[in-house]
Amino acid sequence: MTTSFPSDRLTPQELRSYKNRRSIAALTCYDYPTARLLDEVGVPLLLVGDSLGMVVLGYPDTTEVTLAEMIHHTRAVARARTRALIVADLPKDTYNEASQAIQSARALLQAGADAVKLEGGRSRAVAIQALAGAGIPFMGHLGMLPQSIKEEGRYRIKGRTDAERRAILADAHFLEEQGAFAIVLELVVADLAAEIRRALKIPTIGIGSGEDCDGQILVLHDLIGLYPWFRPRFAHPLADVAAEIKNAARAFMQGVQSVYERLHQ
Ligand code: KIV
């Protein structure tokens, strides 16, 4: 499977080699202009996350996102021909079996992703080993797994009990052994995230998992204040794009109204 990304694009291997050398500040991205903007400031990894479903498509969670939707948005991001590595999420129920995982991942690579991300560790061994066997670069995702929100009932911090800690650590080792080039740690208790970072040779990229990770990732909308109706506690917006949009729309409406009044009254 070949994709036509620029030759100077960061590769999964290069990102992996950031471990103990460089920090990784990754963001989600779902469209062409945003991909260009984030690339222009040097964001090294753009994740076409299935958070797409919540912050762009208006679903209540990520569980309804389809492969077709992920392909559509991955294509848009890939058209920006970024230097950033593009990783696309395998949506829920598209990697339940080995052949399905390979087919879904190949569809995302064909759409322009360089790698895929999937949720889970040893419980996803079939899919993980299939991707590894097919030579498809993949990133892991441990801790709170949004695709399991219906079973979980709520988003909660993971790793508070000894059993949970041992399971997450074992999953992290498993992903590394299988060839993951990085692992997202979502809502993992901070000292466990730090322990995992120290234990692994591949980078850990945290979200709501404390400072001691090799990198951090955020849903772009949480960083720029573009989804004001829900903001995770760990996210601290550095812009208020929602207010900017409203201000611009109000100013536009006022302008149209004044012209109308001048011409018609
Ligand atoms: O879909 C997504 O945005 C993600 C991030 C939370 C890491 O998986």
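A search of the whole structure finds one aromatic pair. The rings of Tyr-227 and Trp-229 have centres 5.1 Å apart and planes at 85°, so the pair counts as edge-to-face (rings of Phe, Tyr and Trp, the last by its six-membered ring, pair if their centres lie within 6.5 Å, with planes under 30 degrees apart stacked, over 60 edge-to-face and the rest tilted). Tyr-227 is partly exposed at 23% relative accessibility, while Trp-229 is exposed, with a relative accessible area of 68% (buried means under 20%, exposed over 50% and partly exposed in between, with a 1.4 Å probe and protein chains only).

This is a predicted model, in which local features need pLDDT of at least 70 and side-chain atom pairs count only at pLDDT 80 or more, whereas totals for chains, interfaces and linings use all residues. Residues are numbered from 1 along each chain as its sequence is written, and side-chain values use heavy atoms, leaving out hydrogens and water.

Turning to the helices (DSSP runs of H or I, at least four residues, numbered from the N terminus), H8 (residues 162-178) and H9 (residues 190-199) pack at an angle of about 30°, with their axes 10 Å apart; the axes are lines fitted to C-alpha atoms over the stretch in contact, and angles run from 0 to 180 degrees between N-to-C directions. That makes H8 roughly parallel to H9 (angles under 35 degrees count as roughly parallel, over 145 as roughly antiparallel, 65 to 115 as roughly perpendicular and the rest as oblique). Among the residues making the contact are Arg-165 and Ile-168 of H8 and Asp-191 and Leu-192 of H9 (contact means heavy atoms within 4.5 Å).

Key. Helix = DSSP H or I, 4+ residues; strand = E, 2+ residues; numbered from the N terminus.
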